[in-house]
Amino acid sequence: MATIVVNGQEIQIPDGARMNLIEAARLAGVEIPHYCYHPGLSVVASCRMCLVEVGQRDADGNVRMLPKLVPACATPAQDGTVVVTNSEKVRSAEALVEELLLLDHPVDCPICDQAGECYLQDYYYKYGRRERRAPAEPFTSRRKDVGQFVTLFIDRCVMCSRCVRFTREVSGTGELAVVKRGNRAIIDVFPGQELNNPLSGNTVDICPVGALCSKPFLYKQRVWFLRTHRSICTLCATGCAVLVDQNMNRVYRLRPRFNPNANDWWMCDYGRFGFDFVYDPRRLLRPGTRGDDSEPSATDWEVVLESLATRVRRAAQEGKPVGVLLSPFLSCEDAYLACTWFREVAPAARFYLGPVPVEGEDERFPKRPLGAIGGGTESRPRFVISGEKCPNARGVRLVIEHFQERAQEVADFVADLDRDGAGFVYIAGGYPQPWGDELAGVLEKADYVVVHDLFPGPLTEKADLVLPMAVWFERAGSYVNRNGVLQCTERAVVPRGEARSVGRVMWSLLGRSGLYRAEDVLQELALAVPAFAPAGAISDYPEHGIPLQSVHVAAGEEPAEV
Amino acid sequence: MTRDYEPVLLANLGVPDSHRLDVYRSRGGYQAIEKALRQHTPEEVVELVVQSKLRGRGGAGFPCGMKWKFLPKDRTVTYLCVNADESEPGTFNNRILMENDPHQVLEGIMIAAYATRAQTAYIYIRYEYVRAHRILQQAIQEAYDAGLLGRNILGTEFSLDIYLHRGAGAYICGEETGLIESLEGKRGWPRTKPPYPAVEGVFRKPTVVNNVETLCCVKHILDRGVDWFLSIGVPADPNNPRDLGSYGPKLYCVSGHVNRPGCYELPLGVPCRELIEDYAGGVRNGKGVKAVIPGGLSMGFLRADELDTPLDFSSLQKVGCLGLGTAAVVVFDEDTSIVDILHRSCRFFAHESCGQCTPCREGTAWMYRILNRIRNGEAEPSDLEILLEIADSIGIIPGTTICGLADGAAWPVKTAVRKFREEFEEYIRTRKGVTVG
C-alpha cells in the first residue's frame, strides 16, 4: 500500500494502482477540477485546471514541497506524495484559468443544452472569481454541423481536445483536429470529412462544456428536468452500461455509464440514438384477441390472462404439445418466470430460444490503431460493437437449459410444430422491428397462439391473442452480455399504453402475491440456477455487473474481448 | 579584454566561397570529426563536452554534456535533432552560421551524433530560412559525395544520415518537444515532460535536441581542447554552487537603433554597454538608450542604467531578466515608446501561442488586448495591475504551462511595466480619449 496525503488527510492506495493525483484525491473525497483529463484518453495536461501543489514526504515525516504548481492529471500518486489543493496559490491558479476560459466564451447558457451539467458553469461557481475584470468584447456564437449526430458550437469550446483525442485513440477515425493557433484555435473536422463514425456520440459526452451537442437531443430538454436511471443498452450483445434520462415518463437520452466489463466509458451511436422504435406509433399498446376471422379486438389484461391460462391447461390436459419461444431480448427474470409457469401448468412444455439476430461481423475500434508512427499498436480493441444484435442470448439460453436439456432453436420450433402440431404456443418477442417470417407459416398448425411483442407483424397476424410487451427501460431486469457479465437495469419509465413485461405477466399467472420485483426474482433465479449463483445474496447490484464464470463454458465459446 | 578576441565560430565569415567543402577543408575543416573518430570513443567525446561546461546556446543554457548523459544506457536507437528553427525575435546567429559556414554546422552535428551514437540526425530549419536551407542542402550533398556522410564515414564504423526538414513557420516549433511533434508530422504542440526527449523523443526514441550554435561550439572543443574553451568567458561563482558558469564564445546578434547592427562573436560575459558602444557603433544619431532587449524578446528589457550588466548566463537574472536567451541584443533609442514596443511584443506572443495550455492561450491574448486598450486610450491605470498579475501567473516558472513560451511572453511585460511604470501611467493618463490607428 502507498500512503498519499491529500490536504492533510492520509489515504492508502493499493500498490501498482497507477493512479494520478486526480484519482487519488477522489479517493480522499477531494475534487480536483479538470477539463482535459479523461481516464479513457491520453493525458495532455493542457487545460491547467488541475494544478495543485505537490511535495514528497520522506521516511522521517519531513515534507519537501515543489516550488511550482503541477498538473494533477500528469503526476503519479506515489508513496509519500503530498497534495495540497486548497492553498491560496492553487485557488488563485484555478480562478485564473476560469477567468481566462470565460474571456471569449459566449456565456449563452440560457440557450445551451449543456447548462446544468456544464463543467465551465460548475467550476466557475466553485472556483471562479465573482466579477469579470476583462471588458466584455463582442463575442461570436458560431455553430457548425460536424456530423449526422453531432453539432459544434465553436465558441463555447475550452480547447480541452478530448474529442480530438477520442477520434484518434478510441474510434481511430481521426476526423477531428485543432485548427489555427493561440486563442484563435478551434476544433474542426478535416476538410471534406464528417464526424460520422459509429462512436461519434461519445464526443458529446466527453465534451466538458456545450461545444459538442447531440443533434437528436438538441433543445429537447433542459437537463435539470431529467431523471436518470441505471440501465444498459439492449441493441447488441456488448450490453453497454447506460444512463437513461427521462422526463414525464418520456426517455430523451441515453448516455454511457462506465463499466470495464462491457463498454468502458463509451457506447455506439446505434444504441445511443436507436431507441426511437419505443415511441413508434405502430407499437402494440393493448392486449387484443381475435375470433376466427376478425381483427384482434382490444380487451382487458385480466380477461386475456384468464383465457390464456385456460388455454394452456386445456392443451396440457389434452396431451397436446405446448411450445414456448423466448426471444433473446427478454431479461433473465422474464425467461425464468415464463419457464417456471409453463413447466408448472404444462410439464411437457418445450422451450425454444428465439432467433438471435446477427448482422455482419463485430465492429472493432480503434479503426486504425494508433501507432502508425511512434505509438505501440494495440491488439486489444478499445470498443466492440457486436454483430449479435440482442442483449441476452446467453442469459435466456442459460435459463432454458435449466428447465430442459437443451435450449432448442427456431428451426427446432418450426420442425416440432410442423410435425406434431401444438395445443398452445406462446411467443415472446421484443425485437425492435417486425420479425418472424420464418415462423408465421407453421403457426397454422397450432390450436392457439399467443404473441407477446412490440410491433404488429407476420406473427401477430396469426395470433389468437396479442399481448403488448414493455421494452427494456420500461421494466427492470438483468441481462448477460457477450463477456458473460450479468448486468441489472432499473425501470426508467412506466410502459407505454398497457404494455407489460413477460416477467410481470408470468408473475400474475403464477398467482404470486405482491408486486413483481425483478430483484426478488433474480435472487430466486440465483438460488435455482447454478450458473446464476454469483448473483445470489447481493442486496445492492454492483455497477459493473456480475461476471458469471460458467457462461463461456455453457455457451461453448471463447471468452470474447471487451 | 574582449578587444583582442579572435573569432572562432565566425572564423570563415567573409572568406570567398566559405560554404564550399574544399574551402572549409582548406581552412582546417573536418579535422575535429577525424580526431573524434580516430582518437576518442563516443563516451570520451561526451566527457570532453561535460568538462568544457558548454551550455546550450538555444536559450535555456542547459549544460550540453549533461543532456547527452541523460540518454538511457541501454538504448538501441538514438536520434539527434538540430534546432535550426531560429525564431526568437532579434536572433540570427544560426542563419549566419548555416549560410556562411554550413560545413562547420555539419561537422558539429557529426561529432554530436558520434558522441550520442545517433545514426540519424534531423536538422529542423525555420521555414523562412530559404537561403540557409539551400546552402545547407548543397553542403549535405557535398558531404555525402565526399564520404563524410552515409555509411562508414572516413573508413570507420561510424555511419550517419542527415535529413534537412523545413518547418512551417511556427515559433513554437523551436521549443524542443514542439519541434519533435512537428518533425513527426503532427501539430507543433509541446509535450508534457517528463518524459524528456532524452528518454522519449522523436518517434518515442531517445533523442537529443541541440541548437546549431551549440554544435558548432562542440566542433571547436574537439579542435582546440577543453582548456581553451574554459579559458574564455565567465567562470562559475565559487560561492554559488548552482552557478554553472558561462564559458566559451558566443554569437551576439545586435539589432535595433545602433549604427552597426550585426552578429558579433565575443567571449561570454561581455557587458551590454561595451557591445553596443564598442562593437555596434553606439546608438544611431547620437541618441541615448531607452531600453535594451538583452537576449531575444522573451528575456525582457534592460533599462539604460542597467547596461553594465554582463551578458552571461547568470548576470541578467539579477536585473530581472529571464536569462541570456539567445543573446540577441535589440537596442531602442530614447525616442521609442515602450508602450509601442510592448504592444508589438504582446502581439507576437499572442499570435505565436500554440493554443494548448489555457493560461498561455488566453493570457497572451488578454495581455495583447490590454495593450491595445492602452494604445487606444481606453485603459485605466488599474489595468497595469491586471497585466502584471497575468504576466506573473503564466509560464513554466509558476508551473502553469507546459512549455516556456508563456514565460517568454510574460517577461517583456513584467520588466517593461515594472521598469517603465511611470511612462505607462503617463501614457494612459495622456492618451485617455485619444484614438490612434
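Start by colouring chain A by domain: domain 1 is 2–86, domain 2 is 105–279 and domain 3 is 288–471 + 499–517. Those bounds come from an automatic or database domain assignment. A quick note on what you're looking at: this is a predicted model, where local features need pLDDT of at least 70 and side-chain atom pairs count only at pLDDT 80 or more, while totals for chains, interfaces and linings use all residues. Residues are numbered from 1 along each chain as its sequence is written, with chains lettered from A and ligands numbered from 1 in the order in which they are written.

Now select domains 2 and 3 of chain A: their centres, taken over C-alpha atoms, are 36 Å apart. (Ala, Val, Leu, Ile, Met, Phe, Trp, Tyr, Cys and Pro count as nonpolar, Asp, Glu, Lys and Arg as charged, and the others, Gly among them, as polar.)

Next, show both chains. Here 26 residues of chain A are in contact with 28 residues of chain B. Which element gives the largest share of chain A's side? That's H2(A), with five residues. (Helices, H or I, are DSSP runs of at least four residues and strands, E, of at least two, numbered from the N terminus.) By class, chain A's side has 18 nonpolar, four polar and four charged residues.

Conventions. Two residues are in contact if their C-beta atoms, placed from the backbone, lie within 7 Å.
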